[in-house]
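Q: Could you walk me through some of the helix packing here? I'd like to take it one pair at a time.
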Amino acid sequence: MNPTLRKYLSLIVLGFSGGAIYCLPYIKYVFYDAMLDVMHISNAQSGFLLSMYAFVCIFLYIPGGILADKVSSKKAIILSLLGTAAVTVIFMLTFSYPVALGVWFLFAFGSGFVFWSAILKAVRMIGTEQEQGFMYGVYYAANGAGGAITNAIALKVFDGFDNARDGMFWALLVMIAAMVVAAVLLQMLLRESSREEIAETPDSEKFHFADLGTVFRNPTIWLISLVFFCVYGVYSCASFFTPYLTDVIGFDTTTAGYLQIVRSYVVMLVAAPLGGFIADRLCKSTLKWFAIGGTVLGLSILAVILVGPDASGWLVAVLTLIPGLFAMCLYGVMFSSMHEIDIPVKVGGTAIGIASIVGYLPDVILQPFFGGLIDAKGNGGYTEIFWFLTAFCVVTVVISYGLYRNFARRHAPANAKSAEATA
């Protein structure tokens with residue numbers, strides 16, 4: 001197979017794998033009422049399943065990252081997909097809430113342990129250092145497509161049954177099939193280093209546990225993790241634009257829902273590779289793109305605040321789509337910055353684990369905090385939320401620009417020598 005074709009097919013299947021495996025722990029996003037009906041549980045119990053999953057994942061990111069640096073990324077990803085599929089079979093045969101508690105706990109090990117760091121590390125290793133932004137952009141576009149296609153087929157199958165329990169059984173079977181197909185395709189496509197290549201790898205490029213201390217003591221890791229927190233916080237909390245449009249602007253629930261689909265899925269397909277292209281080709285630096293894109297993102301949120309609820313409803317609706325676009329342009333290339341801050345591939349999984357703990361804290365902290373603001377202050381709470389998101393953009397710009405200036409200066413002599421050698 002042509003190497004370039006193999007590279008991009010591998011990247012697309014990796015993205016599809018990520019989209020498919022996360023359909024299960026987040027199944028309530030599509031099958032909310034059906035899950036409550038089939039399992040005979042309350043809204044609080046449904047919410048607890050996802051909260052427990054996210055909480056367990058936080059403790060697994062770093063050990064999973066360390067393991068991803070020690071084992072084959074290909075084997076780790078495939079085993080995670082097949083393991084998650086097997087655990088899902090247990091759930092679909094019972095639909096019992098006590099069983100579900102154990103299953104969602106295991107889902108965290110299947111998708112939040114070694115899988116997460118291994119798949120992002122695999123994406124990094126597929127592309128060259130000069131195309132990291134585009135690689136991650138394509139990955140996240142395929143990720144969004146994988147999740148959308150898997151859920152769409154599962155929902156279509158579910159609708160074909162009059163009995164909700166039977167419908168959920170076959171819908172889950174669709175999700176299992178998606179993971180198995182992804183595992184088979186990765187087995188055929190994803191290249192693994194041969195024994196000879198591993199043996200020839202210099203000892204300095206191999207992972208050693210002694211390297212962990214260096215990673216944890218590296219202040220740059222924690223700074224970029226804070227950037228990830230801010231970027232993902234804006235991306236995740238852009239969902240508050242949906243209730244803002246219904247509660248404050250006066251849109252009906254259906255229209256606001258369609259706008260959220262555009263903001264979440266349609267935008268992902270376009271924005272993720274677009275962000276990668278801008279980072280690689282135009283800015284030639286993910287950090288520089290964070291500084292520029294973060295500025296535009298902050299201004300777009302500020303525009304929603306300044307226009308206010310008295311403006312034309314559709315003007316506000318369009319303005320709320322812009323933050324979704326730029327947030328995805330930044331979120332889709334987050335992890336491509338690892339090579340730019342001189343994080344060696346051999347400890348890339350560990351670094352991703354640290355960054356993921358900090359970066360995905362918004363799911364644990366911001367969602368309930370912002371929800372509390374709305375409960376306490378009504379519609380006025382939305383304005384405070386948008387100011388918080390604007391502040392996150394400011395933090396992103398300041399840290400990213402500082403890191404860019406620091407590392408661009410370090411690399412300048414090497415780049416100049418490279419240019420002279422080329423001439």
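Q: At what angle do H4 and H6 pack, and how far apart are their axes?
A: In this predicted model, helix H4, which covers residues 73–92, packs against helix H6, residues 114–126, at an angle of about 135 degrees, and their axes are 9 Å apart.

Q: Which hand does the crossing have?
A: The crossing in which H4 passes H6 is left-handed.

Q: OK, which residues make the contact?
A: From H4 the contact uses Ser-73, Ala-76, Ile-77, Ser-80 and Leu-81, while H6 contributes Val-114, Phe-115, Ala-118, Ile-119, Lys-121 and Ala-122.

Q: How do those split by class?
A: The contact of H4 with H6 comprises 8 nonpolar residues, 2 polar and 1 charged.

Q: Switching topic, what about H2 and H7, at what angle do they pack?
A: Helix H2 (residues 28–39) and helix H7 (residues 132–159) pack at an angle of about 25 degrees, with 11 Å between their axes, and H2 and H7 are therefore roughly parallel to each other, given that angles under 35 degrees count as such.

Q: Which residues are involved there?
A: On the H2 side the contact is made by Val-30, Phe-31 and Ala-34, and on the H7 side by Asn-151, Ala-154, Leu-155 and Phe-158.

Conventions:
Residues are numbered from 1 along each chain as its sequence is written. This is a predicted model: local features need pLDDT of at least 70, side-chain atom pairs count only at pLDDT 80 or more; totals for chains, interfaces and linings use all residues. Side-chain values use heavy atoms; hydrogens and water are left out. Axes are lines fitted to C-alpha atoms, for helices over the stretch in contact, and angles run from 0 to 180 degrees between N-to-C directions. Helices (H or I, at least four residues) and strands (E, at least two) are DSSP runs, numbered from the N terminus. Angles under 35 degrees count as roughly parallel, over 145 as roughly antiparallel, 65 to 115 as roughly perpendicular and the rest as oblique. Contact means heavy atoms within 4.5 Å. A crossing is left-handed if the near helix is turned anticlockwise from the far one by less than a right angle, and right-handed if clockwise. Ala, Val, Leu, Ile, Met, Phe, Trp, Tyr, Cys and Pro count as nonpolar, Asp, Glu, Lys and Arg as charged, and the others, Gly among them, as polar.
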